[in-house]
Amino acid sequence: MFNKILTFGLLGLSALLVVLYFLGVVNEDVMLYWAYALTAVTIAFAIIFPIVDIVRHPKKLVRTLIFAAVATVLVAACYAISSPHILGLNKELAAQTSASVVKWTEAGFYGLYILFALTVAAIILTEIKNAL
């Protein structure tokens, strides 16, 4: 029940702020601070609830640690295969971009590609399993 109240309350307040923004009552700063607040609440819940769940069910700690290890290996592998070389940019943009930023961006793209491929494979395998 609390979950529904919180969800509809936040959605209603967000809708109200959007309407007030388009009516000119509030400015961009209010909307930006609201986005910061929602992001902070989301991060807090994403950290607090898994900790509470682990405290309630200590057996889930093993699965959580395995997931964290797999995620760490995935990030490390993507970073290892990424290149710090800038391709296809003009000289001005290349001078403004550091090699570290390029390497982490490329690692992020590789991670995205891998997770997308795993998602598609999981969907296909689930459909095959359910069809049998």
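Gly-88 counts as exposed, at 86% relative accessibility; the classes used here are buried for under 20% relative accessible area, exposed for over 50%, and partly exposed in between, with a 1.4 Å probe and protein chains only. This is a predicted model, in which local features need pLDDT of at least 70 and side-chain atom pairs count only at pLDDT 80 or more, while totals for chains, interfaces and linings use all residues. Residues are numbered from 1 along each chain as its sequence is written, and side-chain values use heavy atoms, with hydrogens and water left out.

Back to the glycine: Gly-88 sits in the loop between H3 and H4. Its C-alpha atom is separated by 37 Å from that of Tyr-33, and the two residues are 55 apart along the chain. Ser-82 belongs to the loop between H3 and helix H4 (91-96) too, but this serine is buried, with a relative accessible area of 5%. What does Ser-82 touch, not counting residues up to four places away in sequence? The list is Lys-103, Glu-106, Ala-107 and Tyr-110, where a contact means heavy atoms within 4.5 Å.

Lys-103 turns up again over the face of Tyr-79, at 4.8 Å from the ring centre. For that label, NZ of Lys or CZ of Arg has to be within 6 Å of the ring centre and within 35 degrees of the ring normal. Tyr-79 itself is partly exposed, with a relative accessible area of 29%.

Now for the rings. The structure holds six aromatic pairs. Rings of Phe, Tyr and Trp (its six-membered ring) pair if their centres lie within 6.5 Å, and planes under 30 degrees apart count as stacked, over 60 as edge-to-face and the rest as tilted. One of the pairs is Tyr-79 with Trp-104: the centres are 4.5 Å apart and the planes are at 35 degrees, so this pair is tilted. It links distant parts of the chain, with Tyr-79 in helix H3 (residues 60-81) and Trp-104 in helix H5 (residues 99-131), 25 residues apart. Trp-104 is partly exposed, with a relative accessible area of 47%.

Phe-109 and Tyr-113 make a stacked pair, because their ring planes are at 20 degrees, with centres 6.3 Å apart. Both residues lie in helix H5, four residues apart, or about one turn of the helix. Phe-109 is partly exposed, at 42% relative accessibility.

As for the overall build, the protein chain has five helices and zero strands, with helices (H or I, at least four residues) and strands (E, at least two) taken as DSSP runs numbered from the N terminus. Helix H1 (residues 2-23) has 22 residues and should span 32 Å at 1.5 Å a residue, which agrees with the 31 Å between its end C-alpha atoms; the expected span is 1.5 Å times one less than the number of residues. After H1 comes Gly-24, whose phi is positive, near 90 degrees.

The radius of gyration of the protein chain is 22 Å, whereas a compact globule of 132 residues would have one near 14 Å. That radius is taken over C-alpha atoms, and the globule rule is 2.2 Å times the number of residues to the power 0.38. Along its principal axes, the C-alpha trace spans about 55 × 50 × 35 Å. Of the 132 residues, 8% count as buried.
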